[in-house]
Protein chains: 2
Amino acid sequence: MRFTFDIDENGKIISNKNRGMSLEDEISKSNNYYLENHIAVIYKKATPIRVVKCVNNKITEAYFEQKSTTDFNGVFNGFHIDFEAKNTNNKTSFPLANILDHQIEHCKNIIIQKGISFFIIEFSSLNRYFLVPSIKIINYIKSTKASSISLKRFINNTFEIERRLKPPLDYLKIVNEHYSSFFE
Amino acid sequence: MRFTFDIDENGKIISNKNRGMSLEDEISKSNNYYLENHIAVIYKKATPIRVVKCVNNKITEAYFEQKSTTDFNGVFNGFHIDFEAKNTNNKTSFPLANILDHQIEHCKNIIIQKGISFFIIEFSSLNRYFLVPSIKIINYIKSTKASSISLKRFINNTFEIERRLKPPLDYLKIVNEHYSSFFE
């Protein structure tokens, strides 16, 4: 997922409180709900930053580094959970260029270790959210060499996530009900 | 764990390549071994940094934030693994002030979710390493209100980690052989 803050002409971070809730916010709110209700312990991984210069606890030179894995991980009733969140403005398909090769490698490694690996994909302009087990994306890329996945395929072959008030995106309901879908 | 780099008088990061291998390095090397050999997928969590100012991809003002959880997590043969690494120069006991209250809360949450939660404690001056299931530290604090754990107690009640060439610290061997110790 991309950083969700904006930067003004002076380089100051602009608060995004007046914008719609981002996918990351919706997931973080869901994770807070899961944590408070002892349903799961899932956190966003911190953005890796390479620190070059630091004076009296103030960092004065640093750079964002490309993350080598995925956005979120944690534990849910004995299951290791690991996932990436992506959104697209496209109304009819999700471009696979959004998923990096090393992320696919990471997902394969998680599956080998019997972890639950998936993507949450938001079609922003449609306000629809899908949970896709990584194994399905891996197999689809392998068998078709396609560069995108159609919305129709999402609807027929993946899991649409229920929008609720609490939690906003109840993605663990799908993990709970469709465990075997994450491995075959 | 504390940051392992030093800063010179101009605020530049000094390479620590000439120092002895830190506990964090030993664990990271072990994790690389586990990853390359498809034994486990365990990473150090990135240090959370609050970015205040950023100009053309260069961060010019930022601050280290206190992490709210632990140092490492990942998955090993279906087990969710979560642990903190700490060292002490003390030769006879480990001061419990090194472990923060919110870290204990995090460990409790992991255990509730059936994750494997533990501490790796290094007695630096003795060159000895122990794996301690978090449940044992939680119960010990609860029953004794003690402010430290003696080396003798480590030797008799926890698991000493074998030093090897590859991996340097084979801590997953203990997880594999003593699963029930992490929950009672």
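In this predicted model, the bridge partner of T88(A) is F123(A), a residue of β9(A). Over eight bridges, β7(A) and strand β9 (residues 116–123) of chain A pair in the parallel sense. Both of these strands belong to an open sheet of six strands, whose order in chain A is β3-β6-β7-β9-β10-β12 and whose pairing is mixed. The edges of that sheet are formed by β3 and β12 of chain A, each of which pairs on one side only. As a general point, strands of a sheet pair through backbone hydrogen bonds, and the pairing may be either parallel or antiparallel.

Chain B can be described in corresponding terms, for an open sheet of six strands with mixed pairing is found there in the order β3-β6-β7-β9-β10-β12. Because β3 and β12 of chain B stand at the edges and each has a single partner strand, one side of each is left without a neighbour in the sheet. Within this sheet, strand β7 (residues 79–88) of chain B pairs in the parallel sense with strand β9 (residues 116–123) of chain B, again over eight bridges. Here E84(B) is the residue that stands opposite F119(B) in β9(B).

| Residue | Opposite residue | Strand of the opposite residue |
|---|---|---|
| E84(B) | F119(B) | β9(B) |
| K58(A) | Y63(B) | β5(B) |

The last row of the table leads to the interface. Strand β5 (residues 58–64) of chain A and β5(B) run antiparallel and are joined by four bridges, with K58(A) standing opposite Y63(B) in β5(B).

Taken as a whole, the interface brings 43 residues of chain B into contact with 43 residues of chain A. Between them the two chains bury about 3600 Å², and 61% of this area lies on carbon and sulfur atoms. What is the count of salt bridges between chain B and chain A? That count is zero, whereas the count of residue pairs in polar contact between chain B and chain A, with both residues at pLDDT 80 or more, is 16. On chain B, the side that touches chain A draws at least two residues from each of β3 (41–44), β4 (49–55), β5 (58–64), β6 (72–76) and α2 (101–112). Among the contributors, β5(B) gives the most to this side, with seven residues. Sorted by class, the side of chain B that touches chain A has 22 nonpolar, 16 polar and five charged residues.

The relation between the copies can be stated geometrically: a rotation of 180 degrees, with 0.0 Å of shift along its axis, superposes chain B on chain A with an RMSD of 0.0 Å. The two copies are therefore related as by a two-fold rotation axis. The same surface serves both copies, since 100% of the contact residues of chain B recur in chain A.

Although no salt bridge is counted between chain B and chain A, the structure holds 22 salt bridges over all chains. One of them is formed by D82(A) with K45(A), where the closest N and O atoms are 3.3 Å apart. This pair links distant parts of the chain, for D82(A) lies in strand β7 (residues 79–88) of chain A and K45(A) in the loop between β3 (41–44) and β4 (49–55) of chain A, 37 residues apart. In general, side chains of opposite charge can pair when their charged atoms come close.

Some backbone details remain. The peptide bond from K166(A) to P167(A) is cis, with omega near -10 degrees, and P167(A) lies in the loop between β12 (159–160) and α5 (171–177) of chain A. In chain B, K166(B) and P167(B) are joined by a cis peptide bond with omega about -10 degrees, and P167(B) is found in the loop between β12 (159–160) and α5 (171–177) of chain B. Finally, H38(B), in the loop between α1 (23–36) and β3 of chain B, has a positive phi of about 55 degrees although it is not a glycine.

Terms used
Residues are numbered from 1 along each chain as its sequence is written. Chains are lettered from A and ligands numbered from 1 in the order in which they are written. This is a predicted model: local features need pLDDT of at least 70, side-chain atom pairs count only at pLDDT 80 or more; totals for chains, interfaces and linings use all residues. Side-chain values use heavy atoms; hydrogens and water are left out. Contact means heavy atoms within 4.5 Å. Buried area is the accessible area (1.4 Å probe) that two parts lose on being put together, summed over both. A salt bridge is a side-chain nitrogen of Lys or Arg within 4 Å of a carboxyl oxygen of Asp or Glu. A polar contact is a pair of N or O atoms within 3.5 Å; within protein, one must be able to donate a hydrogen and the other to accept it, and residues adjacent in sequence count only if both atoms are side-chain atoms. Ala, Val, Leu, Ile, Met, Phe, Trp, Tyr, Cys and Pro count as nonpolar, Asp, Glu, Lys and Arg as charged, and the others, Gly among them, as polar. Two strands pair if DSSP finds at least two bridges between them. Copies are superposed by least squares on the C-alpha atoms of residues with pLDDT of at least 70 in both.
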